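Me: Can you walk me through the contacts in this one? Keep it short.

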Amino acid sequence: MKADAVRGHLDGLLLAVLEQGPLHGYAIIAAVQQRSGGVLELRTGTIYPALQRLERLGLLSSSWQSSSGERRRRCYELTEAGRETLAGERTAWSEFTTAIGSVLNPAAPPPGLTT
């Protein structure tokens, strides 16, 4: 899928993947790819600046974690503000897809529209 298709939706994707718990960068990339059925392939050069920006905005927090024998990794998790933002992203996405669907597949006019 073209990178342009993800632009504008990256924050929502990242927040949604982190909803179930903390993950490090490569695990976030893998989760997006898995949940999209392999269609979305994010690059590290795309997600790390976005994660840092979301953290500066207070939507994520991060900490260094390590497990037996592994190197330390920065793990990101949602804050309460991040959960609220994710809810708004979901609402906006639903409204967006409904509007685009109404244009691309005009089965019936939207409610309130008379011809």
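**Salt bridges and a helix pair**

Reply: This is a predicted model. Aspartate 11 and arginine 53 form a salt bridge through their side chains, 2.6 Å from N to O.

Me: Where in the chain do aspartate 11 and arginine 53 sit?

Reply: Aspartate 11 is in helix H2 (residues 10-17) and arginine 53 is in helix H4 (residues 44-56). They are 42 residues apart, so the pair links distant parts of the chain.

Me: How many salt bridges turn up in the whole structure?

Reply: Two. Glutamate 19 and arginine 90 also meet in a salt bridge, 2.8 Å from N to O.

Me: What does the glutamate 19 and arginine 90 pair tie together?

Reply: Glutamate 19 lies in the loop between H2 and strand S1 (23-24), and arginine 90 in helix H5 (residues 80-104), so the pair ties together parts that are 71 residues apart in sequence. Glutamate 19 is partly exposed at 31% relative accessible area. For arginine 90, also partly exposed, the value is 41%.

Me: New topic. At what angle do H3 and H4 pack?

Reply: About 115°, with the axes of helix H3 (residues 25-35) and H4 10 Å apart. H3 and H4 are therefore roughly perpendicular. The crossing is right-handed.

Me: Which residues meet there?

Reply: From H3, Gly25, Tyr26, Ile28 and Ile29; from H4, Thr44, Ile47, Tyr48 and Leu51. Six residues of this contact are nonpolar, two are polar and none is charged.

Terms used:
Residues numbered from 1 in each chain as written. Predicted model: local features only at pLDDT ≥ 70, side-chain atom pairs only at ≥ 80, totals over all residues. Heavy atoms only, no water. Salt bridge = Lys/Arg side-chain N within 4 Å of Asp/Glu carboxyl O. Helix = DSSP H or I, 4+ residues; strand = E, 2+ residues; numbered from the N terminus. Buried < 20%, exposed > 50% of the residue type's maximum accessible area, 1.4 Å probe, protein only. Axes fitted to C-alpha atoms, helices over the stretch in contact; angles between N-to-C directions. Parallel < 35°, antiparallel > 145°, perpendicular 65-115°, else oblique. Left-handed = near helix turned anticlockwise from the far one by under 90°. Contact = heavy atoms within 4.5 Å. Nonpolar A, V, L, I, M, F, W, Y, C, P; charged D, E, K, R; others polar.
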